[in-house]
Amino acid sequence: MAPQQTGSRKRKATAVEEGAGGSSSQGLEAVGQGEEPPLSNRQRRPAARHSLVHYLKGRAVGARGHAGLPGFEGELRGYAVLRLPELLTERQLALGTLNKVFASQWLNARQVVCGTKCNTLFVVDVQSGHITRIPLLRDRGPSLARAQPACGIHAIELNPSKTLLATGGENPNSLAIYQLPTLDPVFLGDCQGHKDWIFAIAWMSDTVAVSGSRDGTLALWRVDPDMFSSSDVGLPVYTHIHPNDMEAIPRAVTSPGNRKVRALTFNSKNQELGALSLDGYFHLWKPESSLTRLLSIRLPYCRENLCLTYCDEFSLYAVGSQSHLSFLDLRQRLRNMITVCTRDGGTGVRSLSFYQNMATVGTGHGSLLFYDVRAQKFLEERSSRSPHSFPKPTGRNLKLNCGRGWLNHDDFWANYFGDMEEFPNALYTHCYNWPEMKLFAAGGPLPSGLHGNYAGLWS
């Protein structure tokens with residue numbers, strides 16, 4: 001099985017099911033950053049011609065760059081981004097008896113790679129529904145996976161050139177790296193690494209990645225393409241590697257044992273790494289030859305901070321917690337941190353992504369919400385009184401409710417949830433294929449003891 005290589009989405013953050021943060025101590029204040037100088041007269045871009053005729057002519061002759069048209073084309077694209085959610089319809093995908101999808105990424109136009117709580121790595125074809133399982137990489141020493149049940153794969157990330165995929169190994173403490181598009185195993189970070197489960201991964205470049213663990217540490221890994229090797233019979237053999245640097249998240253005074261790293265995101269413009277810990281802190285790091293911490297900030301809401309992503313267009317970090325979205329602008333010294341209530345029953349933000357000015361939120365109650373950062377409000381449902389009238393906002397948040405998926409009606413379900421007719425699935429992960437306007441969402445039941453799954457293609 002050799003999935004094709006393509007680009008997919010801008011940003012994604014996945015989240016997992018369990019955890020509650022405690023209150024924390026004071027954090028460091030962010031240092032403001034200067035604005036970029038204005039363009040000189042010689043550097044100024046030509047005025048954009050906001051004409052649909054010019055735009056269509058450029059498209060017809062296959063013009064690249066569209067000199068004078070980027071602004072207009074950007075407006076059209078931005079309008080499509082805001083209108084896409086209300087046009088999406090769901091088609092559920094059958095995943096058999098797999099338990100809770102925690103992480104996902106598009107490999108190409110029709111294949112998505114996923115990781116589950118039952119420690120299964122697989123590729124699903126969203127057109128045919130066919131599932132192909134990928135073998136997990138095994139530690140060189142005695143495996144610790146059996147001693148840590150109910151963990152699974154919490155993170156899957158592709159490097160910028162889409163040539164390498166990083167995820168967890170058979171031992172959830174280890175970092176496994178596969179080559180794309182073949183998914184051949186190439187590296188396993190099982191030497192002198194994390195002592196607990198890996199919850200988050202972020203690529204700094206094509207050859208540098210950082211992993212965050214439940215043990216409260218960050219590990220910086222460097223991989224050398226020249227180290228790729230194969231056996232005498234031509235089969236790929238993965239190389240065991242160790243981190244180039246490891247650093248611990250600072251301990252909060254009031255919650256010293258709850259500094260688990262839950263999410264990571266990389267700001268390529270400033271070459272900075274954001275880290276979210278379960279004790280209610282945001283940490284900013286400079287990942288170069290080693291990891292240098294720049295600041296730590298206490299967040300306004302400290303319960304179940306599970307999701308973190310970055311918006312390039314507005315230079316904002318977004319954090320998802322139990323009932324709120326919090327937006328951090330480090331240029332403003334955080335004096336005006338924006339928080340928004342998700343109004344979804346307190347089930348929490350379980351997955352979060354940015355594209356242009358729209359944030360997509362996957363909740364623990366089986367729904368997708370959409371927040372327009374520019375307008376500072378959630379997208380609203382639109383309806384019309386007659387087929388001939390223009391749809392108008394209703395004042396209700398636009399919400400896409402996902403299907404029922406599959407649930408194992410075992411003894412645990414019968415004893416604790418047997419009287420419930422329907423049980424919503426938490427959306428632990430979602431990812432966009434923007435060129436084809438498709439959204440993949442997946443997850444499973446929120447309570448840790450329930451066994452089930454959900455996956456759906458929205459297009």
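A: By class, the lining of the largest cavity comprises four nonpolar, four polar and no charged residues (Ala, Val, Leu, Ile, Met, Phe, Trp, Tyr, Cys and Pro count as nonpolar, Asp, Glu, Lys and Arg as charged, the others, Gly among them, as polar). The model is predicted, so local features need pLDDT of at least 70 and side-chain atom pairs pLDDT 80 or more, while totals for chains, interfaces and linings use all residues. Residues are numbered from 1 along each chain as its sequence is written, and side-chain values use heavy atoms, without hydrogens and water.

The residues lining this cavity are G152, I153, H154, A155, T167, G168, P172 and I198 (an atom within 4 Å of a point on a 1 Å grid where a 1.4 Å probe fits but cannot get out). Its volume is about 40 Å³ (the space filled by probe spheres set on the joined points), and the whole structure holds four cavities of 30 Å³ or more.

Strand β22 spans residues 316–320 (a DSSP run of E, at least two residues). Five of its five residues are buried (under 20% relative accessible area, 1.4 Å probe, protein chains only): L316, A318 and G320 on one side, Y317 and V319 on the other.

Strand β21 (residues 307–311) pairs with β22 in the antiparallel sense over five bridges (pairing requires at least two DSSP bridges), with T309 partnering A318. Four residues separate these strands in their hairpin, where S315 takes a positive phi near 55°. On leaving β22, the chain passes through a hairpin of three residues to β23. Strand β23 (residues 324–328) runs antiparallel to β22, joined by four bridges; here the bridge partner of A318 is F327.

How values were computed:
Buried < 20%, exposed > 50% of the residue type's maximum accessible area, 1.4 Å probe, protein only. 1 Å grid on protein atoms, 1.4 Å probe; cavity = no way out; pocket = protein on both sides within 12 Å on 5 of 7 lines; lining within 4 Å.
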